[in-house]
Amino acid sequence: LYNCKNEEMKSSGGRRLHDGALVNGRRGFRLPARSSLPSPGSLLILFGDLFIGSFGTWVYVPLPSLASTNPTVLVCGHGGSATQAVVMLCIVAYGFWHFSPRLMSRHAVCSVRALQEGRVWVLFTACFSHASIAHLLHNSLQLLQFGPMLQSYLDCENLLALMCCACLVSSFTSLVWHVYTEKLSDGSLGASGMAISLIAANATLFPSTVVHMFGLQLQPLHVLALYIIVDLFSSRNETVDASAHLGGALCGWAFARRWIAWRSTLWW
């Protein structure tokens, strides 16, 4: 393990290290073979960044800083993916359902009764909670399908903001519906609200881009309409929370419209 001090870089403008070895960017560089350098196959820490390599050739390892208190840095730092981070949280939550179902049913299911008892965090935790593998796979596939294109256009931080907003809005609309129907103990869970927000945002931002889904080529608006129709029929047997999906879709549409308006202002 070798920790490069800041003073070693300052002597030559912060670009050279040990007898003129040029630091060639952050992706990788070479150091001359000297007894004072790390041995082959070791690690190198340079200004808090981690490098790994051997025989003087070092490659940058993109690890997020765990000391950061900003969640966007942990998720989006070093080219991270917002949707992959959400899917990983969903997988972890699915595992908790098998190890401690009582804990998850109390702290990861959004219901009016939970809010009355003071568990306000269920507005957020329920969006990552999946008790069945089919539910988890369905939502994960939708997130991973629409997420990369949206991230390339919105960037990781804005896509993460969209999904967090959709999470809270879908939980809120679900609560409103349960209050209206007087089903205060019924709860909802799952990332469907976030997934359909990406579908709605994709249909708003890229209305003419063909979507390949289940072996079919569909227009983005047709995909969104198909999901809404399926939700309406599925909500009859009370296995699908169509109100949460509607809230997520409205959030995705509003976010995308706001983004288009903002981009047009910058253009002019």
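C251 has a relative accessible area of 8% and is therefore buried (buried means under 20% relative accessible area, exposed over 50% and partly exposed in between, with a 1.4 Å probe and protein chains only). The model is a predicted one, in which local features need pLDDT of at least 70 and side-chain atom pairs count only at pLDDT 80 or more, while totals for chains, interfaces and linings use all residues. Residues are numbered from 1 along each chain as its sequence is written, and side-chain values use heavy atoms, with hydrogens and water left out.

**Cysteines**

A disulfide is taken to be a pair of cysteine sulfur atoms within 2.5 Å, and by this rule the count is 1 disulfide. C127 and C167 form it, with 2.3 Å between their sulfur atoms. The torsion about their S-S bond is about 100°, so the disulfide is right-handed. Because C127 lies in the loop between α6 (122-125) and α7 and C167 lies in helix α8, the pair ties together parts that are 40 residues apart in sequence. Helices here are DSSP runs of H or I with at least four residues, strands are runs of E with at least two, and both are numbered from the N terminus. C127 and C167 are both buried. C164 takes part in no disulfide, the nearest cysteine sulfur being that of C167, 6.9 Å away. The relative accessibility of C164 is 28%, so this residue counts as partly exposed.

**Aromatic residues**

The whole structure holds 5 aromatic pairs. Rings of Phe, Tyr and Trp (its six-membered ring) pair if their centres lie within 6.5 Å; planes under 30 degrees apart count as stacked, over 60 as edge-to-face and the rest as tilted. One of the pairs, W259 with W262, is tilted, at 5.0 Å centre to centre and 50° between the planes. These two residues are 3 apart in helix α11, so about one helical turn separates them. Their accessibilities are set out below.

| Residue | Relative accessibility | Class |
|---|---|---|
| W259 | 10% | buried |
| W262 | 43% | partly exposed |

Together with Y153 and F206, W259 and W262 form one aromatic cluster.

**Nonpolar core**

A nonpolar core is a set of buried Ala, Val, Leu, Ile, Met, Phe, Trp, Tyr and Cys residues joined through side-chain atoms within 4.5 Å. The largest has 39 residues, of which L143, L150, M163, M194 and L198 touch the most other members. Elements that each supply at least two residues of this core include α3 (82-99), α7 and β10 (211-213). The greatest contribution to this core, 8 residues, is that of α9.

**A positive phi**

D155 has a positive phi of about 80° although it is not a glycine. This residue is placed in the loop between α7 and α8. At 32% relative accessibility, D155 counts as partly exposed.
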